[in-house]
Amino acid sequence: MNIPGTGLGSWKSPLWGCFDDIGSCLITWFFPCWTFGKVAESVGEDCLLYGILGILPIVYGYFRYEVRQKVAFRSGIREEAWLSFLISCCIPLCGNLQERTQQNVTVVCSSVEDIKVSRK
C-alpha cells in the first residue's frame with residue numbers, strides 16, 4: 001500500500017517500461033502534450049495548460065519535474081529532486097509514461113464504451 005508522503009511506495013512500472021503499453025507509447029511519442037496534460041490533470045493541475053507548458057522549450061523541464069514530484073508524493077515514493085529533474089529533462093517521454101502508469105491514466109480509448117465512461 002502506498003501512503004502519500006511516506007517514501008515507502010514504489011513505481012508500478014520501471015522507467016524503461018515505455019513499450020509495455022504500445023498504444024500509450026505511440027500517443028506519447030506523437031502527442032506528448034496529450035499524455036502530459038492527462039497526467040497533470042490526475043494530480044490536480046489544468047490539463048490544457050500543463051499540456052502546453054509540457055512541450056514549450058526551456059520551461060518544459062520544470063513543469064514536468066513538478067508533476068513528477070506530485071505523482072511520486074501521492075504514491076508515497078521517495079525520489080530525489082535532482083533525479084526527477086534529470087528524468088523530466090533528459091528522458092521525458094519514458095518518465096511521462098511511468099507517471100501515467102502510476103496514476104492509472106488512460107490515454108487511449110479502446111472502444112466507444114471507454115469514451116462514454118470518460119464523459120461521465
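## Salt bridges in the model

Visitor: Hi! Is Glu79 buried or exposed here?
Guide: Glu79 counts as buried, at 12% relative accessibility. Keep in mind that this is a predicted model.

Visitor: Which residue does Glu79 form a salt bridge with?
Guide: The partner is Arg68, and their closest N and O atoms are 2.8 Å apart. This pair links distant parts of the chain, 11 residues apart: Arg68 belongs to helix H4, while Glu79 sits in the loop between helix H4 (60-74) and helix H5 (81-90).

Visitor: And Arg68, what's its relative accessibility?
Guide: Arg68 has 1%, so it counts as buried.

Visitor: Which residues are linked with Arg68 in a network of salt bridges?
Guide: Glu79 and Glu99 are linked with Arg68 in that network.

Visitor: Zooming out, how many salt bridges does a search of the whole structure find?
Guide: Six. Among them is one between Glu80 and Arg78, at 4.0 Å from N to O.

Visitor: How accessible are Glu80 and Arg78?
Guide: Glu80 is partly exposed at 41% relative accessibility, whereas Arg78 is exposed, with a relative accessible area of 68%.

Visitor: Switching to helix H2: how far apart are Glu41 and Lys38 there?
Guide: They are three residues apart in helix H2 (residues 32-42), which means that about one helical turn separates them. Glu41 and Lys38 form a salt bridge, with 3.1 Å between the closest N and O atoms.

Visitor: What about accessibility for Glu41 and Lys38?
Guide: Glu41 is partly exposed at 40%. Lys38 is partly exposed too, with a relative accessible area of 22%.

Conventions. Residues are numbered from 1 along each chain as its sequence is written. This is a predicted model: local features need pLDDT of at least 70, side-chain atom pairs count only at pLDDT 80 or more; totals for chains, interfaces and linings use all residues. Side-chain values use heavy atoms; hydrogens and water are left out. A salt bridge is a side-chain nitrogen of Lys or Arg within 4 Å of a carboxyl oxygen of Asp or Glu. Helices (H or I, at least four residues) and strands (E, at least two) are DSSP runs, numbered from the N terminus. Buried means under 20% relative accessible area, exposed over 50%, partly exposed in between (1.4 Å probe, protein chains only).
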